[in-house]
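Hi everyone, thanks for making time.

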Amino acid sequence: MTYNPRVHFIPAKPAKRGKWVGIYCRASTNDMKQLNSLSAQVSALTRLVASNSQWLLVDLYMDIVSSKAGTSRRGYNQMLEDCQSHKLEMNITKSISRFGRDTVETLEALQLIKDSGVRVIFEQGNLDTADTNSELMISLVESFAQAENESRSDNIKWGLKQKASSGTSKLFSEVLWL
């Protein structure tokens with residue numbers, strides 16, 4: 001190649017590296033409605049990440065487990081590990097109720113993630129841990145979500161007891177035929 005003094009070489013700018021983003025989604029059961037909900041979560045959050053040119057989707061973490069304490073959530077645990085090992089800079093979840101099981105677990109996990117320098121965005125409610133005003137809202141919303149789940153559980157238990165005591169429980173009649 002010959003040198004031409006009239007040609008000024010301009011080197012290419014290095015490509016901007018976007019934020020490393022993870023998505024966490026959860027369904028409570030493998031019931032068709034729940035699986036459709038999980039699919040909708042994955043689709044919506046993937047589109048959200050793809051619509052931001054500054055974000056790079058690193059991983060998708062999913063669980064199909066109930067919110068009962070003691071049930072293992074491999075996707076959730078892997079997401080927490082990846083936050084701590086700095087494989088993620090941001091995590092996006094549909095809602096607080098899809099993220100944690102109860103207020104204490106959620107707030108502890110969010111503190112661990114925050115201490116790792118990772119930002120969490122809850123798409124529903126537009127809550128972002130990078131926004132200091134969101135911290136109080138996250139605590140309140142999580143507390144309300146936990147109270148709602150406990151109330152729903154109490155209502156289901158009450159309904160089952162009422163049906164059993166009146167002899168109209170299908171569960172009771174099915175057990176007799178086993």
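Helix H2 (residues 74-84) packs with helix H4 (residues 103-115) at an angle of about 30 degrees, and their axes are 9 Å apart. The axes are lines fitted to C-alpha atoms, for helices over the stretch in contact, with angles running from 0 to 180 degrees between N-to-C directions. Helices here are DSSP runs of H or I, at least four residues, and strands are runs of E, at least two, numbered from the N terminus. H2 and H4 are therefore roughly parallel to each other, a label for angles under 35 degrees. On the H2 side the contact is made by Tyr 76, Met 79, Leu 80, Cys 83 and Gln 84, and on the H4 side by Glu 105, Ala 109, Leu 112 and Ile 113; contact means heavy atoms within 4.5 Å.

A word on the source: this is a predicted model, where local features need pLDDT of at least 70, side-chain atom pairs count only at pLDDT 80 or more, and totals for chains, interfaces and linings use all residues. Residues are numbered from 1 along each chain as its sequence is written, and side-chain values use heavy atoms, leaving out hydrogens and water.

Now, is Asn 91 buried or exposed? Asn 91, in strand S3 (residues 90-93), counts as buried because its relative accessibility is 0%, and buried means under 20% relative accessible area (1.4 Å probe, protein chains only). Leaving aside neighbours within four places in sequence, Asn 91 contacts several residues, including Gly 22, Tyr 24, Met 79 and Val 120. Asn 91 and Val 120 are 29 residues apart in sequence, yet 4.7 Å apart in space, C-alpha to C-alpha.

Conventions. Angles under 35 degrees count as roughly parallel, over 145 as roughly antiparallel, 65 to 115 as roughly perpendicular and the rest as oblique. Buried means under 20% relative accessible area, exposed over 50%, partly exposed in between (1.4 Å probe, protein chains only).
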